[in-house]
Amino acid sequence: MAEPHAIYLKDYQPPRYQVEHTELRFDLAPDATRVQATLQIARAPGTASDAALVLDGDHLTLEHVAIDGQPLEPGEFEVTDRALTIYTVPERFRLDTEVVLAPASNTALEGLYQSNGMFCTQCEPEGFRRITFYPDRPDVMATFTTTVIGDQAATPILLANGNPVERGELPDGRHFVTWNDPHPKPAYLFALVAGNLEKIEDQFTTQGGREVTLQIWVEQQNLDKTAFAMTALKHSMRWDEERFGREYDLDLFMIVAVDDFNMGAMENKGLNIFNSSAVLANPDTTVDAMFQRIEGIVAHEYFHNWSGNRVTCRDWFQLALKEGFTVFRDQLFSSDMNSAPVKRIEDVALLRTAQFAEDSGPTAHPVRPDHFIEISNFYTLTVYEKGAEVVRMLCNLLGWETFRKGSDLYFERFDGQAVRVEDFVDCMAEVSNLDLTQFMRWYSQAGTPEVSVDSAYDAERRTFTLTLSQHTPATPGQDEKAPLQIPVEMGLLDEQGADMALVIDGQSHGSSTVLNLDESTKQFVFEDVPHAPVPSLLRGFSAPVKLRQTLTREQLSFLMRHDSDGFNRWDAGQQLALKELETLMAAYRHGDEMVLDEFFVETVRSLVETPASDKAVLAEMLTLPTEAFIAEQQTTVDIDAIHQARRFAIARLGDTLFEAFETLYTQEQSDAAYAPDFDQIAQRSLKNVALAYLCASGREEAFAYARRQFEANANMTDVRAALTQLAHAGDTSIGDPAIRAFGERWAHDPLVMDQWFATQVSRPHEDALERVRFLMAHPAFSIKNPNRVRALIGTFVNQNRVNFHRRDGQGYRLLADVVIELNRLNPEIAARMVLPLTRFKRLDETRRALMLEQLERIKAEPLSRNVYEVVDKALTSA
Ligand code: B3K
Ligand code: ZN
């Protein structure tokens, strides 16, 4: 195998040939699907007349090629395993090709493949080249007409982008449907689905009066899991009109649920294809968090119709242009639909654990990478989540109304075009008259900036001076970092906990303001400050940075109770818990007895006992920082100490505050009919947090509550919460009957079996790893299905840290075994799964060596470009 090579943003060249119209004809068969393509091609202005036509192609068998109806002679073209080159072509011409491919044996789930017998496609980013020879790049945009021919019995439903324009019967029990998509689009937005599907249908009238038919297509047994997504879709369509002025632009919008899918979903024009786990839901099978995730993903894909489809990316380096903006849009939507503070807490928690970890490891890259070997590896937390933070900072800098003007200008100016990040930011600069030159560094500089804080109160001058400094650690390939423009939203709390009036240079700044930290170090002097305040910094998490600030426990507890900023109240609680956990960890390391501090216990007690105005936030506040988050704070990660300290703290709190948690648990019972609405979800989270603490005490009465909740069988959220507590009990005889009952009851439902797998392999028990190997042989598991892999292997690796990081290296070996197998079957998933093995930098020497050993073992295999890129980066940085 040739050593894969990198592609650079600086080498971008505009396309030499444009496709004006694409006509496709699919004759579907599992092992030999024929694809005929007729492309109307025109040479781009400025291209030399002797420029060869080079079309991408991958895993294709070429059967026929003709220009303007004239078949080509062997010497006139060349086919390799990556491209079809035609040496000379006219200025405008019609290209006909015919290829054969085998969807049934496509386990990579890219291009055209089969899932449960259903034909479906995934083309982003470079899957279309597995369907036909084509300039497979987003800056080539064409209108498409697609004819799908299939067997009547096996594939009664034939779908593609746009509107159906013709259908009919053919000999031998076959039939066809022709679809036309009038909106020019890049090939990555192409989609086709054929199968035995049923639908639910609804209507939506746009603000402009267009009647849109909405359809969700699923296998028959899943029809009772579609209502929630349909409602979410209608909400998304209305919201995008109201908040962003964006209307839908076709008469039909379809969603299809597919069981085998690499990502959550895909925004193909008019025909969104969803991982069934990201669309199917009902109260009996789906937990609250999943309902909310589904609502967010339905919205995200719908929003792409403008941010991504109508205005698309010039090249794949610009991925964050559509993803960062669309994630920001879906975050706003979810926060409008549910609880704004909780949504922010969840998003920041994800960013601060997973994205910060990515930013400090060997695969760190800028929001807009400048080179890649395999673009599929760049659908990352950095591009998506940090990309969204960058857009959020722009929105905060401009203010919502001006930001909205910038967004309108962007959509209007670039409608139908393939553009760059600069084009987006320029619109924002134009409507605001801000100079965003320095701001652009957020797109090009990798790594998480650290902001350190120094403060001094001068009683005589009545001034409070804040000194903020920034530093971004080196990342692979970027040793030197320039100062970023960091908006630090902040306030100062007086002795009563109220916000002080902020005055800088004689200017009033209200009670909360944004400091612009745009140099390495900057001083801000607040005037007329009557006494030493408690600063509340980075309110709402106004920038994706690590804040290095030393506050005492008393100050943290004060902020936790009084800060006017909901996010910072939560965060102060987390910092306080972190301090407590660090003390426990130190004791554990020294072999001392761990003792939970009274002050901390009383702080938690006051939370549990105070009737909460916001139950959802309270549930978040009562949740201790996760092991992954604690690990992110440490220079050398002590896997065992983190786990032991956290477990100990939860058990002690559960025991000491047993009655308080019992009261809370009892209070928050409800017999209202299940609805995945915000109030109910908040109440269930709070109740189930209480149950977790109760069970952590290890007392039999607690397990009796869990058993009762499990058996009451009210809804999956409560059943699953109870099952988790029973299954995680130290004594396995407590959990085993429930695990067995659940597994038998839901054996027919793969999405519920995923939860069954996850519950078992997240147990801290010593035999968890053996359990993973055992469950890999379970009939409900298949390594070819990404959802199963994520549920079983992904959960074990990410949520069972003590066992994944076992000192005998068996956890790493298990993951390497899986990666080696997946590398052959599904390189995209393999490259995702291998990532935890690249996070060795801050582990102890023994574990580091064990991880490297497994990476070397993987490296010795014949690797896909995907896995090669990740493993090579990791080993190079070691
Ligand atoms: N745009 C898709 C990405 C799919 C790429 C998979 N290789 C999902 C999304 O962000 O909406
Ligand atoms: Zn997206």
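I note that the model is predicted, with pLDDT of at least 70 needed for local features and 80 or more for side-chain atom pairs, while totals for chains, interfaces and linings use all residues. Residues are numbered from 1 along each chain as its sequence is written, chains are lettered from A and ligands numbered from 1 in the order written, and side-chain values use heavy atoms, without hydrogens and water.

I then read the geometry: α17 (residues 700–712) and α18 (residues 716–727) pack at about 145°, with axes 8 Å apart (axes: lines fitted to C-alpha atoms over the stretch in contact; angles: 0 to 180 degrees between N-to-C directions). Helices are DSSP runs of H or I, at least four residues, numbered from the N terminus.

I next took α10 (residues 566–589), whose 24 residues reach 35 Å from first to last C-alpha, close to the 34 Å expected (1.5 Å times one less than the number of residues). Just after α10, Gly 591 has a positive phi of about 70°.

I searched for disulfides (cysteine sulfur pairs within 2.5 Å) and the count was zero. Cys 120 is in none, its nearest cysteine sulfur, that of Cys 123, being 10 Å away. Cys 120 is buried at 0% relative accessible area (buried: under 20%, with a 1.4 Å probe and protein chains only), and Cys 123 is likewise buried at 0%.

Notes. Helix = DSSP H or I, 4+ residues; strand = E, 2+ residues; numbered from the N terminus. Buried < 20%, exposed > 50% of the residue type's maximum accessible area, 1.4 Å probe, protein only.
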